[in-house]
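I opened this entry to keep track of what I looked up in the structure.

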Amino acid sequence: MTEPKVLEVADLTVEFPTEDGVVRAVRGVSWTLGAGETLGIVGESGSGKSVTSLAVMGLLPAAARVRGSVRFAGRELLGLSEEALSDVRGQGISMIFQDPMTSLNPVYTAGHQIIETLRAHRRGMSRQAARERAVELLDIVGIPSPAQRVDSYPHELSGGMRQRIVIAIAIANDPEVIIADEPTTALDVTVQAQVLEALERATDETGAALLLITHDLGVIAGHADRVGIMYAGKLVETGTVEDIFYTPRMPYTLGLLGSLPRMDRPEGRLTPIAGSPPSLLNLPPGCPFTPRCPLAADVCDATEPPLIGTGRPGHDAACHFHDRLVDAAAGEVFATTSADAGGEGSAP
Ligand SMILES: Nc1ncnc2c1ncn2[C@@H]1O[C@H](COP(=O)(O)OP(=O)(O)OP(=O)(O)O)[C@@H](O)[C@H]1O
Ligand code: SF4
Ligand SMILES: [Mg+2]
């Protein structure tokens with residue numbers, strides 16, 4: 001039996017007409033999110049991660065041209081009225097942004113903001129019951145002394161504590177899907193880990209599925225079931241965490257893995273991918289990773305590779321030479337290229 005899908009994105013395309021031309025921010029992206037599942041979306045800055053999530057939430061500017069399909073619990077969201085969408089946003093899908101202060105109102109206490117969210121959707125809920133539930137929610141997300149903290153204002157809390165409040169608000173209405181867009185990027189490393197744990201407890205408690213967006217593959221490792229790697233507005237590799245970490249089939253994924261601190265190597269340092277992503281205005285034909293790819297050949301300049309099966313169920317890659325990566329150990333392809341190219345961002 002296949003698990004029910006709560007969110008299904010099919011061939012999603014988002015373009016922004018600008019004075020300089022059309023920015024093709026998302027170029028035909030498809031993925032599904034099963035009930036209770038965590039899907040990690042990983043990619044460098046500008047790869048289309050946030051635009052994808054804003055399209056799902058119906059929060060793109062009016063000028064954006066959106067095509068494809070976004071189905072929540074079987075219902076098409078693209079083209080819904082603002083009123084219908086705001087119902088879905090309130091109850092079905094919650095969103096957590098990078099900076100908690102964009103979601104919190106500085107003039108109200110944490111408790112007030114959670115209570116308002118609870119009562120907005122449960123008209124009969126008494127103020128006392130809502131307050132008790134707010135304290136429970138603060139406890140779930142790991143806020144110490146929740147009965148006292150419920151009366152704190154955002155400015156009295158640390159960044160990590162504020163993000164926990166945002167998570168508590170996000171689960172207050174028992175959503176089926178939580179979209180967390182770089183929820184820990186603004187926090188320091190130890191606090192990041194704690195906030196990710198809080199997010200995991202929140203999804204365990206509510207059974208919500210999670211779309212976890214990040215530029216950091218390390219964040220995904222302990223928290224996602226499946227992963228989608230984005231590059232230049234497309235998914236370029238999808239698979240389980242094991243597929244992506246142990247048998248990557250797209251050179252860009254290898255590059256991201258090479259960018260992780262390698263504890264198993266004496267030098268244990270970061271190896272960034274040389275070069276930078278292409279502009280999404282006037283993308284040339286061919287594979288957008290060509291200028292940075294150690295395996296690039298003539299066919300890569302001519303034809304953009306489709307996302308196709310690698311032979312393992314659910315593990316797809318967009319690379320003409322995905323089968324050449326079979327025995328390539330993560331990092332080695334890039335270690336050679338960086339030294340050869342000596343280009344910007346190469347390893348010392
Ligand atoms: N309103 C807009 N008008 C024009 N271009 C836009 C608009 N919003 C986003 N873009 C462009 O779309 C592309 C994808 O942006 P997006 O914000 O999705 O990237 P991202 O993967 O979330 O990056 P980051 O890691 O920096 O958050 C970028 O080139 C960005 O400049
Ligand atoms: S298609 Fe070519 S350029 Fe693109 S990732 Fe594969 S080998 Fe590299
Ligand atoms: Mg973003």
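**Overall.** I began with contacts in the protein chain between residues at least 6 apart in sequence, and found that 66% of them join residues at least 24 apart. I note here that the model is predicted. I then looked up the elements and found 12 helices and 12 strands in the protein chain. The chain has 348 residues, and buried residues make up 43% of them.

**First sheet.** I traced an open sheet of 4 strands in the order E2-E1-E4-E5, with antiparallel pairing. Strand E2 (21-34) and strand E5 (75-76) are at its edges with a single partner strand each, so one side of each has no neighbour in the sheet. I looked at the pairing of strand E1 (residues 5-18) with E2 and found 11 bridges in the antiparallel sense. Within this pair, I found Lys5 opposite Gly34 in E2.

At the E11 end, 2 bridges join E11 to strand E12 (residues 316-317), and the two run antiparallel. Ile308 stands opposite Ala317 in E12.

**Core.** Which residues touch the most other members of the largest nonpolar core? I found Ile114, Ile167, Ala168, Val177, Leu211, Ile229 and Val236, out of 87 residues in that core. Helix H6 (residues 159-171) gives the largest share, 8 residues. The core also draws at least three residues from each of domain 1 (5-224) and domain 2 (228-341). Val177 is in contact with Val6, Leu7, Leu33, Gly92, Ile93, Ala208, Ala209 and Leu211.

**Helix H10.** I checked how far helix H10 (residues 251-258) is covered and found 8 of its 8 residues buried. The buried residues include Pro251, Tyr252 and Thr253.

**Ligand 1.** I listed 15 residues around ligand 1, with Phe16, Ala25, Ser45, Ser50 and Val51 the closest. The elements giving two or more residues to this shell are E1, E2 and helix H1 (49-57). H1 supplies the largest share, 3 residues. By class I recorded 6 nonpolar, 8 polar and 1 charged in the shell around ligand 1.

**Ligand 2.** Ligand 2 has 13 residues around it, and Cys287, Cys293, Leu295, Cys300 and Cys319 come nearest. I recorded 11 nonpolar and 2 polar residues in the shell around ligand 2, and no charged ones.

Asp11 is found in strand E1. Ser145 is in the loop between helix H4 (127-140) and helix H5 (146-149). Is Asp11 buried or exposed? Asp11 has 11 other C-beta atoms within 10 Å, so I logged Asp11 as exposed. Ser145 likewise has 11 other C-beta atoms within 10 Å and is exposed.

Terms used: Residues numbered from 1 in each chain as written. Chains lettered and ligands numbered in written order. Predicted model: local features only at pLDDT ≥ 70, side-chain atom pairs only at ≥ 80, totals over all residues. Near = placed C-beta within 6 Å. Nonpolar A, V, L, I, M, F, W, Y, C, P; charged D, E, K, R; others polar. Pairing = 2+ DSSP bridges. Buried ≥ 20, exposed ≤ 12 C-beta atoms within 10 Å, placed from the backbone. Core = buried A, V, L, I, M, F, W, Y, C linked by C-beta atoms within 7 Å. Domains from an automatic or database assignment. Contact = placed C-beta atoms within 7 Å. Lists of a residue's contacts leave out its neighbours within four places in sequence.
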